[in-house]
Structures are given as C-alpha cells and as structure tokens.
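Welcome! Have a look at the sequence and the model before you start.

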Amino acid sequence: MADTSDTRTPAQIEADIKRRREVLAETLDEIGVRVHPKTIVGDAKAKVVANIDHTVGRAYVQVNRAVTEVRARFVDEEGAPRLERVVPVALVVVGVVGLLALGSRRRRD
C-alpha cells in the first residue's frame, strides 16, 4: 500500500502551487508566442532568407572558381597576359561586334 502522507505544511503547499502556476504561465506565454501567426510567418521568412543566402553563397563560390580558371588561361604566373591566347580571343570579339554592327545597319536601310 502506498504512503500518501504529506509532511509539508499548508504554507509550503501554497508556495509550491504558486511556483507551479508561475512556471505554467511562462510556458503558456511561450506557446502563445510560438503559435502566433506573425511568429510563424517570421520563422518561414527566416528559413527562406537562409536558403537564399546559402544558394547565393554557393553561386558566388562557383563564379569565383570560374573567374579564377579563366584568369589562369589568359594570365601567366607572373601576372603578364598570355598573348598567344589573348590575341585570338580579341580578334574573335572584334569580328563578332563588327558583324553585329553591320547587321544592325542593314536592317535600318
């Protein structure tokens, strides 16, 4: 048989009840804040922003890597341009721009 005797005084029991009520009030306040629509929307926005930041960070790393690779193709270790690679690319760019300019002139006439 279980012992149901309580050796606390009525004042101690009242103090325990008061403490427990305060703890429960804090818990209910916290639950109210967590389930409030503004909190839920704010949390959702924060997750979206975090995902966007992560995606932008990954894109930055990939772009930085691509720029480094292109720079390595057109610049040597001392930082001087590699003319054997720069000149052909420059000629192609000039040719494409020239063709585009000629094409736009013919459409106007």
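Is Glu77 buried or exposed? Glu77 has a relative accessible area of 73%. Buried means under 20% relative accessible area, exposed over 50%, and partly exposed in between (1.4 Å probe, protein chains only). Glu77 is therefore exposed.

Before going on, note that this is a predicted model, in which local features need pLDDT of at least 70, side-chain atom pairs count only at pLDDT 80 or more, and totals for chains, interfaces and linings use all residues. Residues are numbered from 1 along each chain as its sequence is written, and side-chain values use heavy atoms, leaving out hydrogens and water.

**Exercise: find the partner of Glu77.**
Step one: recall that a salt bridge is a side-chain nitrogen of Lys or Arg within 4 Å of a carboxyl oxygen of Asp or Glu. Step two: look at Arg82, whose closest N and O atoms with Glu77 are 3.8 Å apart, forming a salt bridge. The structure holds 4 salt bridges.

Step three: Glu30 is partly exposed at 42%, while Arg34 is exposed at 57%.

**Exercise: trace the network around Asp16.**
Step one: Asp16 meets Arg8 in a salt bridge of 2.4 Å, N to O. Step two: Arg8, Asp16 and Arg19 are linked in a network of salt bridges. Step three: Arg8 is partly exposed at 37%, and Asp16 is partly exposed at 25%.
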